[in-house]
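Subject: Structure handover

Hello,

Here is the structure I said I would pass on. My notes on it follow below.

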Number of protein chains: 4
Amino acid sequence: MEAIFATDHTRELVPRIREFIHTHLVPLETGEYLTGNFSKVAAILDQKRELVRQAGLWGLQHSIDEGGLGLTLCEFGQVSEVLATSPFGHYTFNCQAPDIGNMELMHKYASDDIKRQYLEPLKEGHIRSCFSMTEPEFAGSNPTQMGTLAVRDGDEWVINGHKWFTSSADGAAFAVVMAVTNPDAAPHKRASMIVVPTDNPGFELVRNISIMGDPSDHWGSHAEVRYTNCRVPYSNLIGGEGMGFMLAQERLGPGRIHHCMRWIGIAERSFELMCRRAATREVEPGMMLGEKQFIQGFIAESRAEIDASRLMVLRTAHNIDEQGAAAVRNEISAIKFFVANMVLRVVDRAIQTFGAMGITDDVLLAWYYRHERGARIYDGADEVHKTALARSILKNYGLDTRKNKAADVVRS
Amino acid sequence: MEAIFATDHTRELVPRIREFIHTHLVPLETGEYLTGNFSKVAAILDQKRELVRQAGLWGLQHSIDEGGLGLTLCEFGQVSEVLATSPFGHYTFNCQAPDIGNMELMHKYASDDIKRQYLEPLKEGHIRSCFSMTEPEFAGSNPTQMGTLAVRDGDEWVINGHKWFTSSADGAAFAVVMAVTNPDAAPHKRASMIVVPTDNPGFELVRNISIMGDPSDHWGSHAEVRYTNCRVPYSNLIGGEGMGFMLAQERLGPGRIHHCMRWIGIAERSFELMCRRAATREVEPGMMLGEKQFIQGFIAESRAEIDASRLMVLRTAHNIDEQGAAAVRNEISAIKFFVANMVLRVVDRAIQTFGAMGITDDVLLAWYYRHERGARIYDGADEVHKTALARSILKNYGLDTRKNKAADVVRS
Amino acid sequence: MEAIFATDHTRELVPRIREFIHTHLVPLETGEYLTGNFSKVAAILDQKRELVRQAGLWGLQHSIDEGGLGLTLCEFGQVSEVLATSPFGHYTFNCQAPDIGNMELMHKYASDDIKRQYLEPLKEGHIRSCFSMTEPEFAGSNPTQMGTLAVRDGDEWVINGHKWFTSSADGAAFAVVMAVTNPDAAPHKRASMIVVPTDNPGFELVRNISIMGDPSDHWGSHAEVRYTNCRVPYSNLIGGEGMGFMLAQERLGPGRIHHCMRWIGIAERSFELMCRRAATREVEPGMMLGEKQFIQGFIAESRAEIDASRLMVLRTAHNIDEQGAAAVRNEISAIKFFVANMVLRVVDRAIQTFGAMGITDDVLLAWYYRHERGARIYDGADEVHKTALARSILKNYGLDTRKNKAADVVRS
Amino acid sequence: MEAIFATDHTRELVPRIREFIHTHLVPLETGEYLTGNFSKVAAILDQKRELVRQAGLWGLQHSIDEGGLGLTLCEFGQVSEVLATSPFGHYTFNCQAPDIGNMELMHKYASDDIKRQYLEPLKEGHIRSCFSMTEPEFAGSNPTQMGTLAVRDGDEWVINGHKWFTSSADGAAFAVVMAVTNPDAAPHKRASMIVVPTDNPGFELVRNISIMGDPSDHWGSHAEVRYTNCRVPYSNLIGGEGMGFMLAQERLGPGRIHHCMRWIGIAERSFELMCRRAATREVEPGMMLGEKQFIQGFIAESRAEIDASRLMVLRTAHNIDEQGAAAVRNEISAIKFFVANMVLRVVDRAIQTFGAMGITDDVLLAWYYRHERGARIYDGADEVHKTALARSILKNYGLDTRKNKAADVVRS
């Protein structure tokens with residue numbers, strides 16, 4: 001914990017969650033659950049969810065008017081870091097993406113009907129959801145290029161399109177779909193978000209895309225999805241027509257804080273594994289691995305980089321709390337690439353410290369190595385955020401590099 | 001190909017092999033074969049092996065007195081690079097580790113009996129083998145620390161020990177085991193190599209260790225093995241008693257050339273995928289990914305680093321051909337860490353260029369990312385080779401940093 | 001400024017100082033003053049000091065009981081950053097090392113007599129001082145190895161020794177010398193600090209060591225000094241006998257905050273120069289340098305790294321204010337190498353952005369490039385701090401790597 | 001030396017030159033000559049030139065028809081590396097830029113009259129020359145943007161323009177000036193090269209630009225020059241009208257080999273200093289600096305990188321010898337940025353190894369650090385070469401990124 005950002009909430013919650021993770025989730029980190037399908041572990045995690053409820057730790061992300069604790073983003077970020085020290089933490093506490101983002105969005109913008117039908121069971125953990133935005137045919141760096149169309153036909157939307165990386169679609173009860181509804185509007189006013197139940201005959205889960213050797217299933221899946229003449233009620237619209245990008249932006253600001261804090265949790269966990277290994281592995285008679293300067297360098301650089309990352313993210317979260325995400329778009333871009341690169345370096349150093357054991361599924365590190373490589377890609381690749389940040393800075397120096405107004409939408 | 005190292009052999013072989021790979025092996029790079037067990041693809045590859053034989057390309061690594069082409073190490077390195085542009089290349093051409101190393105070793109040092117029984121079918125591809133050296137209890141950086149013991153009992157060895165990363169053990173007909181036979185000798189004269197058939201009741205394949213999400217099987221496996229009162233004929237000894245480390249060193253010099261050239265092949269293949277993606281992926285209307293300077297930077301740096309690596313390795317192979325491995329131990333250490341780091345950077349840049357698709361098993365890159373992380377660890381971790389190289393250099397300046405004579409054995 | 005660390009003091013002072021620097025010091029950054037001897041500019045800076053006094057900005061670092069503002073370390077750090085945006089800032093405000101450290105030390109530990117004779121005129125800017133610790137014969141990484149001896153002879157010390165990097169000795173009125181006074185004590189209780197007037201016949205300024213092409217003089221000098229039977233009153237001792245290392249540590253904690261904040265100021269200034277250049281330099285007709293992604297990458301990465309550094313340092317300063325330096329030794333080690341490396345990267349990128357002009361003395365960058373390379377060396381080299389940090393961390397994991405208790409003294 | 005590139009010439013010359021450097025030039029590396037003006041050392045070097053002549057080592061770069069040895073570019077590269085192990089090597093052997101480039105150019109393209117008047121005394125070392133191409137108003141990355149005009153007026157050229165980085169102009173007898181002579185031609189056929197004696201009243205040496213603290217003079221200078229109605233005979237034209245860029249390209253191919261080999265020589269020298277320091281500097285009682293893994297890492301990585309660089313450059317030189325520079329433009333771009341970055345890393349590591357002494361002018365490293373930072377900028381900045389290389393590669397994949405045909409001229 002970083003003293004300057006600690007609050008009564010975090011001082012109370014963080015140790016309790018840490019204890020819970022340690023007792024209930026760390027023992028699940030075995031080769032069996034770190035490879036293959038998520039469904040193997042999901043049943044067990046559902047039992048753990050009961051323990052979370054009993055401990056009064058369910059729904060940590062909810063606002064006070066939702067019956068939650070009303071944590072600030074900066075506080076929840078600190079909670080999220082601890083949850084991330086287990087790969088099963090967020091799921092067990094029902095704070096996992098994309099559900100957490102869908103919950104927040106629907107709470108603010110969905111009709112009461114939609115809330116009752118979808119949001120309530122989602123908050124209870126009775127169903128899961130997915131978010132269907134990215135398309136294989138178009139570069140993610142420019143989300144205003146989108147092929148999925150939703151055409152109004154009386155009281156219904158008729159949706160046609162092709163998506164992938166619709167994460168967690170397998171087994172989800174519904175998807176929040178981003179589709180172009182107003183093709184003639186300005187680029188970032190073209191799209192809307194619409195709720196689509198996955199049992200709709202127009203919704204086809206083509207496949208769970210195999211990622212880094214792991215097709216997985218259930219919450220762990222990343223689906224390719226096809227929408228074919230998919231008809232849903234007009235009222236499944238979230239917010240208003242053309243608000244899709246605005247809502248995506250609203251989602252992405254906190255979403256990036258969540259991701260970044262998750263990466264920091266992963267980095268801390270990897271750091272701990274690395275230090276423990278260094279302190280206990282004998283490399284020569286009487287000489288521990290941690291006495292080697294190369295390993296000391298790994299440890300020292302990781303410590304500095306993790307701390308720097310946490311300070312950057314919590315300060316950004318704090319500023320979002322104070323000023324709103326729009327005011328700190330530059331900070332959000334900066335943490336996205338800074339922290340994503342940090343976590344991959346730390347995981348890599350930890351693997352190197354473990355030697356051959358580090359690439360086995362006997363330790364958690366290989367799991368992180370495979371599953372977090374995407375950190376530098378999704379939600380805006382390194383290159384997109386660097387460009388966006390530099391362009392924004394250069395504007396203060398009188399240079400407008402923006403040739404395509406749509407190009408920045410991907411940011412916060 | 002690098003003109004200064006091209007010979008008649010490489011000028012003839014390289015294009016033919018390249019064509020073979022392109023026609024017969026690249027089409028197998030589908031999600032189906034890039035995930036899960038190797039046995040799924042092995043059956044198909046066995047058919048491809050027939051085509052290799054028909055093309056007269058079987059046994060490329062053999063010396064003239066074995067009926068082969070007698071390629072120099074520098075020539076075979078160039079062949080090996082091309083084979084590595086498919087993850088199935090070496091296996092299909094029966095040049096795969098650890099069999100290639102076992103073949104060379106047995107050809108030089110095994111008895112005629114052992115040759116007839118094991119080497120001949122191995123050369124024909126009728127059986128497979130494994131090499132059993134690394135132990136979980138001892139750091140790989142110091143191979144003279146070894147717990148496996150082989151005690152002579154009349155005409156037999158009785159072997160007891162615990163190994164892991166006995167690669168390809170699953171389905172292998174025999175293992176070449178490194179065991180301490182002379183515990184009282186000088187550290188690097190303690191061990192010997194012994195052939196152990198895997199159907200021996202004292203040979204237990206405990207498990208195929210899951211590596212980066214992939215337990216695999218068959219040639220793709222990395223086994224944990226236990227030897228319990230494992231009795232084999234005394235004549236299964238390769239070379240003489242106490243020659244284990246000497247033979248390991250003899251194996252490692254060329255072995256590192258093989259690995260390095262394989263990594264260069266992987267890097268070239270990844271480079272090609274990256275360039276093709278950059279040239280054909282539209283990121284904005286009318287703007288290809290390859291027009292972005294960040295991507296151009298990836299391409300330019302990769303090109304320079306791959307070429308530098310190839311020159312380093314072929315020059316080292318050439319010098320081994322001329323002077324023997326012992327004379328160029330420093331060069332061998334240098335290429336081991338230099339090239340291992342290069343290939344991981346190039347694969348990483350290619351993934352970044354592909355964006356989200358890069359982490360899927362729809363392209364080969366994720367496979368390389370997972371399976372080659374070990375490059376910086378096995379056969380001497382980066383840190384071991386850097387230390388060994390620096391120590392050797394500093395000796396020329398009058399500083400002897402060697403406190404432990406055994407410590408350098410791991411090198412060439 | 002970083003909002004979470006802003007106080008009434010910094011909100012008032014920072015803009016005023018920024019304005020002062022911009023108006024009075026930036027115009028002095030010409031080739032004339034950026035090359036050659038410091039004395040060329042010192043005369044002008046002495047006039048500027050009058051303006052500082054008139055503006056009521058003299059003595060910003062002093063505690064309330066010294067008649068100052070009583071800024072916390074965290075507040076003064078923020079002031080120090082702004083001062084550092086000119087290479088002449090700290091000198092003009094009389095906050096420059098090593099005088100600032102000597103002032104603080106003498107204020108706390110010197111006798112009233114010493115204070116009257118040396119501290120008062122130092123605070124007024126009427127004299128300058130130097131700090132004489134490093135010795136050419138011994139590695140700076142282990143300060144307990146020290147050859148300079150001070151032997152008591154009645155009411156006097158007789159000092160003999162050889163020092164270098166006695167910065168600013170040229171023209172200084174006195175030196176604070178670190179000398180072994182108790183050779184038989186425990187290593188870090190051997191040395192003491194003693195005030196030596198430079199007009200003492202036993203004090204010989206051997207030469208101003210030429211650094212990066214610049215022997216300089218006056219405050220800009222780095223002297224080699226020889227003490228030969230140098231006799232000073234016993235009461236010139238600061239603190240007690242054997243307190244030398246303790247005082248050095250006390251000095252180094254805040255001293256590293258000062259250095260780090262100075263580097264951040266330098267980085268910010270370089271960043272600003274880089275951005276201005278990028279926004280205004282045409283590279284092709286109609287295409288500004290800042291439209292190139294490589295340059296955007298420089299800008300984005302620098303922005304993130306500078307912000308991360310500032311947060312790290314101010315958080316450390318804040319924690320020193322709250323808990324004392326001893327409690328945050330690890331944080332101090334981390335910022336020392338983290339920020340020193342950052343500033344050199346940012347300066348380097350700015351030079352690259354300027355192209356050929358960047359290596360000329362027409363812009364400030366070449367000055368920073370030359371004069372700040374030492375950042376990664378002095379006050380504990382990167383390697384020393386990384387090792388110290390890792391060792392301290394590993395102790396929490398049960399590994400004691402400390403074979404030489406003295407080795408850590410160099411830290412805070 | 002790299003065995004695969006050694007020839008009878010290099011086997012004979014390299015040890016002799018190495019010996020000469022060691023005996024006659026290394027002793028001049030004192031603070032006195034490593035700071036301040038080049039003229040201080042030039043007088044001594046002129047005496048050393050006599051020794052070069054006596055040793056029969058004068059004019060190593062000349063072709064056989066010029067009475068030289070007719071070294072290939074690959075052979076001369078190896079000579080150049082050795083010369084570069086002293087900062088005074090090239091000058092002493094009269095192989096220094098820009099004279100070497102001017103000699104080659106004039107030998108091939110100048111009239112007999114020009115040769116007699118300028119080339120002959122230049123080859124004898126009786127005069128010096130400069131090359132006047134870069135302009136402060138235009139980005140060096142696009143040399144077809146050029147403001148200097150030469151207008152024909154009867155039998156004369158009238159030249160007007162503003163140049164900088166006209167290196168070595170101070171004291172030179174003549175300049176080779178690049179000026180636009182055919183403004184309406186295609187971009188890279190606009191300019192010509194013209195000989196201008198520096199005593200021409202239209203030639204004004206505005207100043208020696210201070211570089212990294214060092215305005216220098218004589219051969220060590222980098223001048224700003226103004227041409228004002230500067231009239232020279234029409235026959236001072238080198239080659240034909242409009243051939244300027246073609247000649248510049250012809251010059252740049254070998255020129256980059258020269259630079260790269262020079263950097264490799266610098267890296268080798270720095271490496272040697274680093275190793276010697278590591279082997280002899282005690283950091284703790286009984287513990288040498290070279291026993292620290294961080295330092296071992298510096299040494300090992302430097303060794304690998306220097307060797308990789310040398311192989312890259314000599315292979316490129318070899319290929320230029322075989323196929324001409326035009327055929328290996330990609331290789332030339334690759335070595336330019338690869339080697340420039342390498343040398344700066346090696347120098348930096350050597351400085352770090354020396355600690356405080358490394359930034360003093362008591363050792364050569366600070367000189368290299370200051371004077372070679374430009375390596376990543378001149379003759380095409382890193383960014384320019386990376387872009388050019390990537391564009392050329394991507395053309396093979398069907399992508400033409402070239403919007404501005406002139407943009408690549410800067411390469412070779």
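Predicted model: local features only at pLDDT ≥ 70, side-chain atom pairs only at ≥ 80, totals over all residues.

Two residues are taken to be in contact if their C-beta atoms, placed from the backbone, lie within 7 Å.

Contacts between chains A and C

On that criterion, 37 residues of chain A are in contact with 37 residues of chain C. On the chain A side, α8 (244-280), α9 (293-323), α10 (329-354) and α12 each give two or more residues. The largest share comes from α9(A), with 15 residues. By type, the side of chain A that touches chain C divides into 20 nonpolar, 9 polar and 8 charged residues.

Chain A can be laid on chain C by a turn of 180 degrees and a shift of 0.0 Å along the axis, with an RMSD of 0.0 Å. The C-alpha of chain A nearest that axis belongs to Ala308(A), at 2.6 Å. Of the interface residues of chain A, 100% are also interface residues in chain C, so the two copies meet through the same surface.

Contacts between chains A and B

Here 38 residues of chain B are in contact with 37 residues of chain A. The elements of chain B that each supply at least two residues to the side touching chain A are β9 (282-284), α10 (329-354) and α11 (365-371). That side of chain B has 16 nonpolar, 13 polar and 9 charged residues.

The same surface serves both copies, as 97% of the contact residues of chain B recur in chain A.

The annotated middle domain

An unreviewed UniProt entry carries the annotation "domain: Acyl-CoA oxidase/dehydrogenase middle" for residues 130-209 of chain A. In the model, that span is 0% helix and 50% strand, and its end C-alpha atoms lie 15 Å apart.

Strand pairing was followed in chain A. Strand β2 (residues 149-153) and strand β3 (residues 156-167) run antiparallel and are joined by 5 bridges. One of the pairings puts Ala150(A) with Ile159(A) in β3(A) as its bridge partner. The hairpin of β2(A) and β3(A) has 2 residues between the strands, and Gly154(A) in this hairpin takes a positive phi near 65 degrees. Strand β3(A) is also joined to strand β7 (residues 222-233) of chain A, by 9 bridges and again antiparallel. Val158(A) stands opposite Arg231(A) in β7(A).

Nonpolar core

Which residues have the most contacts inside the largest nonpolar core? They are Ile194(A), Ile194(B), Ile194(C) and Ile194(D), and the core itself has 564 residues. Leaving out residues up to four places away in sequence, Ile194(D) touches Ala150(D), Trp157(D), Ile159(D), Val177(D), Ala179(D), Val232(D), Asn236(D), Leu237(D) and Ile238(D).

Most residues other than glycine have a negative phi, and most peptide bonds are trans. The cases below depart from that pattern.

- A cis peptide bond joins Ala97(A) and Pro98(A), with omega about 0 degrees. Pro98(A) is in the loop between α5 (89-92) and α6 (99-109) of chain A.
- A cis peptide bond also joins Ala97(D) and Pro98(D), again with omega about 0 degrees. Pro98(D) is placed in the loop between α5 (89-92) and α6 (99-109) of chain D.
- Asp379(A) has a positive phi, near 60 degrees, although it is not a glycine. The loop that holds Asp379(A) runs between α11 (365-371) and α12 (382-395) of chain A. Asp379(A) counts as buried because it has 20 C-beta neighbours inside 10 Å, and 20 or more is the cut-off for a buried residue.
- Met212(D) likewise has a positive phi in a residue other than glycine, near 50 degrees. Met212(D) lies in the loop between β6 (203-208) and β7 (222-233) of chain D. With 25 other C-beta atoms within 10 Å, Met212(D) is buried.

Regards

How values were computed
Residues numbered from 1 in each chain as written. Chains lettered and ligands numbered in written order. UniProt positions renumbered as here; feature names shortened; annotations may be inferred. Helix = DSSP H or I, 4+ residues; strand = E, 2+ residues; numbered from the N terminus. Nonpolar A, V, L, I, M, F, W, Y, C, P; charged D, E, K, R; others polar. Pairing = 2+ DSSP bridges. Core = buried A, V, L, I, M, F, W, Y, C linked by C-beta atoms within 7 Å. Buried ≥ 20, exposed ≤ 12 C-beta atoms within 10 Å, placed from the backbone. Least-squares fit on C-alpha atoms with pLDDT ≥ 70 in both.
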